[in-house]
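Dear colleague,

Please find the structure below, together with the sequence, and read the notes that follow with both of them open beside you.

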Amino acid sequence: MSAAITSAATTKAHSVVESSSRGKWLAGLLVVAYALITLIPLVWILATSLKSPPDSISYPPKVIFEPSLEGYVNLFTTRSRQTEEYIENLGPAETWYDEIVRKRNMVIVGPSRFLDRYMNSVVIGFGSTFLAVFLGTLAAYGFSRFKVPLKDDLLFFILSTRMMPPIAVAIPIYLMYRELGLSDTALGMILLYTAVNVSLSVWLLKGFMDEIPREYEEAAVVDGYTRLQAFWKVVLPQARAGIAATAIFCLIFAWNEYAFALLLTSGNAQTAPPFIPIIIGEGGLDWPAVAAGTTLFLLPIVFFTVLLRNQLLRGITFGAVRK
């Protein structure tokens with residue numbers, strides 16, 4: 001009798017293990033399929049950046065093609081069309097990019113504005129992210145550790161700044177910036193993106209601060225630390241995962257923002273998002289150059305996310321289960 005019971009229990013245990021293994025295998029398969037589907041647009045953009053202009057607009061689309069760096073050359077240079085006689089009188093091309101351009105009966109007359117716009121994106125994106133995370137960390141610590149009058153009302157007010165669509169406040173901000181002389185300036189864009197991202201930063205970081213036990217700070221104060229020293233040496237190391245996750249989300253918004261950048265900038269402080277779609281080639285948009293600009297535009301976000309990937313994973317899951 002006991003042997004039969006043991007055998008039945010063993011069989012049931014094996015079936016549970018097999019069911020669990022099958023479920024994990026199916027879940028893994030779904031994750032891989034989702035990842036592949038998500039990567040298809042990125043792979044297509046990269047492939048388009050390596051096509052020639054005729055191949056990029058061919059129908060049906062070419063999957064197998066001869067790679068070319070013409071899109072990247074067109075992205076970084078300004079070209080002028082010339083006659084074949086003029087091209088021949090120039091002599092042989094001195095560089096590989098001159099050779100690519102001359103195949104289209106063109107010559108390079110100077111650099112494009114893409115690099116300046118790209119650097120504007122770097123300065124504005126990372127500058128506003130730093131300020132938003134810095135201010136958000138201080139505010140979140142204050143809301144988490146101190147008795148702030150009307151704390152719930154203030155937190156709701158901070159959150160409400162993200163509820164309005166950008167178009168609803170675009171005209172007032174444009175008029176205000178014009179009066180203050182902040183239109184088309186990097187400082188104006190940094191302040192604007194900081195103001196928009198602070199609400200996200202405060203709400204995300206407050207959850208992380210709440211999860212850090214107060215006993216750590218109390219022990220540090222007993223050991224002779226000041227409140228500021230305890231914050232710097234005890235709280236911040238514990239909250240670095242949340243700070244990393246918040247920084248990535250703030251950077252993604254500032255890096256990809258289009259509406260305010262289009263309205264408030266035109267030359268000096270224009271970022272890459274409003275510049276890339278207006279890259280004009282022969283007969284319309286230069287799709288390889290647009291794809292090349294998009295590919296290069298993705299790199300800082302990818303690099304920043306990979307650099308902080310360990311902190312990001314812990315930051316996203318931190319606070320999911322309360323102690």
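Glu70 counts as buried because its relative accessibility is 7%, where buried means under 20% relative accessible area, exposed means over 50%, and partly exposed lies in between (1.4 Å probe, protein chains only). The side chain of Glu70 meets that of Arg104 in a salt bridge with an N to O distance of 2.9 Å, a salt bridge being a side-chain nitrogen of Lys or Arg within 4 Å of a carboxyl oxygen of Asp or Glu. This pair links distant parts of the chain, with Glu70 in helix α3 and Arg104 in the loop between α5 and β2, 34 residues apart. Arg104, at 28% relative accessibility, counts as partly exposed.

Before going further, please keep in mind that this is a predicted model, in which local features need pLDDT of at least 70 and side-chain atom pairs count only at pLDDT 80 or more, while totals for chains, interfaces and linings use all residues. Residues are numbered from 1 along each chain as its sequence is written, and side-chain values use heavy atoms, with hydrogens and water left out.

As for the whole, the protein has 15 helices and four strands; helices (H or I, at least four residues) and strands (E, at least two) are DSSP runs, numbered from the N terminus. Of its 323 residues, 37% count as buried. Among contacts (heavy atoms within 4.5 Å) between residues at least 6 apart in sequence, 74% join residues at least 24 apart.

How many salt bridges does a search of the whole structure find? The search finds five, and one of them joins the side chains of Asp55 and Lys62, again at 2.9 Å from N to O. Asp55 counts as buried at 13% relative accessibility, whereas Lys62 is partly exposed, with a relative accessible area of 36%. Glu217 forms a salt bridge with Arg227, and their closest N and O atoms are 3.2 Å apart. That pair also links distant parts of the chain, Glu217 being in helix α10 (residues 214-222) and Arg227 in helix α11, 10 residues apart. Glu217 counts as buried at 4% relative accessibility, while Arg227 is partly exposed at 43%. Together with Arg145, Glu217 and Arg227 are linked in a network of salt bridges.

Next come the aromatic rings. A pair of aromatic rings is described by the distance of the centres and the angle of the planes. Rings of Phe, Tyr and Trp (its six-membered ring) pair if their centres lie within 6.5 Å, and planes under 30 degrees apart count as stacked, over 60 as edge-to-face and the rest as tilted. The whole structure holds 12 aromatic pairs. In one of them, the rings of Tyr118 and Trp255 have centres 6.1 Å apart and planes at 90 degrees, so the pair is edge-to-face. Because Tyr118 lies in helix α6 (residues 114-145) and Trp255 in helix α11 (residues 227-256), this pair ties together parts that are 137 residues apart in sequence. Tyr118 and Trp255 are both buried. The rings of Tyr193 and Phe253 are likewise edge-to-face, because their centres are 6.1 Å apart and their planes at 80 degrees. Tyr193 lies in helix α9 (residues 186-211) and Phe253 in helix α11, so the pair ties together parts that are 60 residues apart in sequence. Tyr193 is buried, with a relative accessible area of 0%, whereas Phe253 counts as partly exposed at 23%. Ring pairs also link a cluster that includes Phe76, Phe114, Tyr118 and Trp255.

Most residues other than glycine have a negative phi, and most peptide bonds are trans. Tyr59 and Pro60, however, are joined by a cis peptide bond, with omega about 0 degrees, and Pro60 lies in the loop between α2 (53-56) and α3 (70-76). Asn105, although it is not a glycine, has a positive phi of about 60 degrees, and its place is in the loop between α5 (96-102) and β2 (106-111). Leu150 is not a glycine and has a positive phi of about 55 degrees; Leu150 lies in the loop between α6 and α7 (151-160). Is Asn105 partly exposed or buried? Asn105 is partly exposed, with a relative accessible area of 25%, whereas Leu150 is exposed, at 62%.
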